[in-house]
Amino acid sequence: MKTSNQLTFSRRSFLKSTALASGGMLIGFNLFNACKEDAAPPIDISQLNFKDFNAFIKISDEGKVTIFSPNPEIGQGVKTSMPMLIAEELDVPWEDVYVVQGDYDPVNYTRQVAGGSQSIRLGWEPLRQTGATAKQMLVNAAAARWGVSASDCKAKVGVITNANGETLGYGDVVGDAATLEVPEDVKLKDPKDFTIIGKGKSNVDIDKIITGKPLYGLDYKEDGMKYASVLRPPAFGQVLESFDDTAAKNINGVTNIIKFGNKVAVIANSTWAAMKGKKALKANWAQDSDAESTKIHNEKLLGLLNGKDFETKRKDGNVKKAFAEADTVLERLYESPFLPHNCMEPMNFFANVTAEKIHLVGPIQTPEWTAGRVATLLDRDVKEIDLKMTRMGGGFGRRLYGDFALEAAEISNLAQLPIKVVFSREDDMAAGTYRPAIKYKIAAAIKDGKITGYHLKEAAINGNMYGLIPNFFPAGAIENYQVDVANYQSNITTGAWRAPYTNFLASAEQSFFDELAEVLEVDRIQLHLDLLQKVKGTTDERIEYSAERLEGVIKMVVDKSNWGKTKEGVYQGFSVYYCHNTHVAEVADIILENGIPVVKKVTCAVDCGIVVNPLGALNQIKGGIIDGIGHAMYGDLSFANGMPQSNNFNSYQLIRMDQTPEVDVHFIKNNLAPTGLGEPTLPPVGGAIANAIYAATGKRLTKQPYMSNMKMEKMVG
């Protein structure tokens with residue numbers, strides 16, 4: 001039961017903050033030691049008497065501290081890096097930190113979302129204020145007990161000391177502190193005084209991960225739980241007409257079969273029995289809408305690009321006039337396919353729907369949205385939903401949508417049993433939701449050796465680029481600049497995929513600029529630097545990127561990659577991009593082995609402001625680059641008669657271990673607030689590879705995946 005003082009602390013210290021209310025991340029950790037000088041691990045914290053210090057922090061009389069982490073952990077490291085922010089300002093040693101995953105709680109927490117590389121950026125000040133405010137209240141309580149001024153007391157490593165040298169541990173004063181008035185303003189540390197932020201810290205779950213302890217959704221079990229495998233339409237646009245479950249019911253372990261909507265759930269005592277039962281179902285499907293194919297998609301998208309039905313996202317100057325007066329026009333078409341998300345942990349979720357409540361457990365990037373959708377689906381009050389989050393074995397946007405959670409809730413409601421829905425790999429790849437296929441037509445007008453106009457057209461399946469993307473580079477650098485979009489509405493489900501839209505747009509634009517520099521007969525690096533000079537000092541508030549910060553990463557990557565100075569047989573490609581508030585430049589080194597390009601090294605320069613956890617940051621940067629290489633080189637998902645033509649890794653190629661290059665990472669050092677890292681390093685790498693392959697072969701690649709299209713065109717060999 002929270003006291004009024006504790007609730008007041010929660011509201012005043014956290015929700016009053018504009019940054020937090022719009023997206024604050026409230027996290028949790030346990031401080032095992034150093035809250036008292038004589039405390040010594042190991043300690044069974046489950047036996048300790050914790051007091052609610054506020055809605056987020058608990059401190060025991062022994063000085064141990066628990067802070068709950070409401071944000072989903074998707075592998076991006078927020079369960080490690082965000083507690084570092086609080087530990088820094090609370091002044092406790094990191095080696096004594098233990099992180100606890102919080103539950104879905106819309107009353108006390110806001111923006112419980114994993115997406116958009118926004119967690120650290122939006123949590124930077126609110127979380128530090130959380131730690132600093134708690135520390136100040138503890139200091140105030142100690143000062144009151146001593147009868148001295150709080151300004152004469154200091155707190156460090158969980159111990160409060162007064163001017164006379166007397167000390168009290170946090171646990172000694174937690175009871176008093178929780179009843180005090182919450183300070184309105186607290187002073188945050190100067191970055192030069194950081195002792196935790198900026199130091200590499202291992203993943204707080206690493207021991208459990210490598211020893212196989214339960215962490216992920218697939219690990220979760222409850223007594224009496226049944227497993228469900230769901231038969232979905234084999235092709236998009238199909239409707240279930242009838243089904244025969246005779247053979248499925250005879251599978252050992254199958255306990256029930258339920259039709260819901262356009263699907264059939266096989267319920268069993270194990271995943272094996274459920275999946276085997278699903279395979280034994282005999283279903284008849286009718287095509288309710290057009291059976292789409294990659295051939296149809298290509299025709300539709302090309303038709304849109306060549307048509308006149310566009311929405312203009314940004315228009316500067318007079319593009320039409322610039323092209324009419326141009327000496328030369330360079331125009332290229334860039335194409336990308338659908339892509340599945342390929343999370344190593346297939347989709348899964350647990351639901352137990354009873355008359356009293358709806359209990360949900362599983363890996364989800366959007367717990368609040370999912371809870372609301374489940375409540376609507378079952379016509380229940382959202383307050384009846386108890387949702388607990390597990391660690392996720394990958395997400396990349398796929399776990400934003402929660403369709404698997406809705407399935408679990410609906411099946412549980414119909415069966416009146418605790419149900420865990422588990423996708424097979426084939427289910428995962430065949431059921432959507434995919435990165436949409438997109439085509440870009442990019443044109444530049446050239447007059448007197450200068451770029452006088454730039455026109456980007458996008459044709460996409462289902463949706464178009466975000467409103468901010470037309471304000472990324474080269475917006476502001478070219479006087480006559482226009483971005484137009486069009487889309488084809490498909491029944492194939494699409495959605496966010498790591499670095500939405502920019503994941504291919506960066507490849508297209510940076511490939512185009514590489515060729516543009518060649519046409520202009522100028523240095524490709526200098527072309528970017530010259531364009532950025534035009535942006536410096538701009539008063540255009542629409543511009544999202546910083547010309548100075550882009551210039552910084554360009555110069556750093558040129559230096560660190562030994563641009564233009566590599567040994568014979570090594571070919572380099574350059575790319576630079578801004579997205580998710582972060583500036584990144586990359587250089588890819590490739591060699592030719594039997595005429596086949598092999599990526600040997602990628603040098604990366606990043607400006608993401610203050611690097612909270614360098615070790616975690618390196619993991620994110622390298623993971624994004626390797627993911628980007630794999631999908632740019634190999635990733636492809638085609639359709640025929642409404643069906644995806646790959647449904648497992650035997651026919652869908654992911655990058656292999658022996659295909660991963662060395663990744664050399666360098667950070668721009670500054671004291672600016674941190675920005676995202678989960679996505680920004682993926683978009684530029686496709687362009688860097690394409691440009692390196694051009695340097696090696698003299699062939700321009702405009703269609704992904706590069707390897708299959710190179711083979712089709714017999715470019716090398």
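The crossing of helix 14 and helix 18 is right-handed, a term used when the near helix is turned clockwise from the far one by less than a right angle. This model is predicted, so local features need pLDDT of at least 70 and side-chain atom pairs count only at pLDDT 80 or more, while totals for chains, interfaces and linings use all residues. Residues are numbered from 1 along each chain as its sequence is written, and side-chain values use heavy atoms, without hydrogens and water. Helices (H or I, at least four residues) and strands (E, at least two) are DSSP runs, numbered from the N terminus.

**Helix 14 and helix 18**

- Helix 14 spans residues 502–520 and helix 18 spans residues 682–697; their axes are 7 Å apart and form an angle of about 35°.
- Axes are lines fitted to C-alpha atoms, for helices over the stretch in contact, and angles run from 0 to 180 degrees between N-to-C directions.
- Contact (heavy atoms within 4.5 Å) involves residues of helix 14 including Thr-502, Ala-506 and Glu-518, and residues of helix 18 including Leu-682, Gly-686 and Tyr-694.
- By class, six nonpolar, eight polar and two charged residues make up this contact; Ala, Val, Leu, Ile, Met, Phe, Trp, Tyr, Cys and Pro count as nonpolar, Asp, Glu, Lys and Arg as charged, and the others, Gly among them, as polar.

**Asp-627**

- Asp-627 belongs to helix 17, which covers residues 614–633.
- Asp-627 counts as buried because its relative accessibility is 15%, the limit for buried being under 20% relative accessible area, with exposed over 50% and partly exposed in between (1.4 Å probe, protein chains only).
- The side chain of Asp-627 forms polar contacts with the side chains of Arg-498, at 3.2 Å, and His-631, at 2.9 Å.
- A polar contact is a pair of N or O atoms within 3.5 Å; within protein, one must be able to donate a hydrogen and the other to accept it, and residues adjacent in sequence count only if both atoms are side-chain atoms.
- Apart from neighbours within four places in sequence, Asp-627 touches Phe-396, Arg-498 and Leu-682.

- Three strands in the order 6-7-8 form an open sheet with antiparallel pairing; two strands pair if DSSP finds at least two bridges between them.
- Strand 6 (154–156) and strand 8 (167–169) are at the edges with a single partner strand each, so one side of each has no neighbour in the sheet.
- Strand 7 (residues 159–161) is joined to strand 8 by three bridges, and Ile-160 stands opposite Leu-168 in strand 8.
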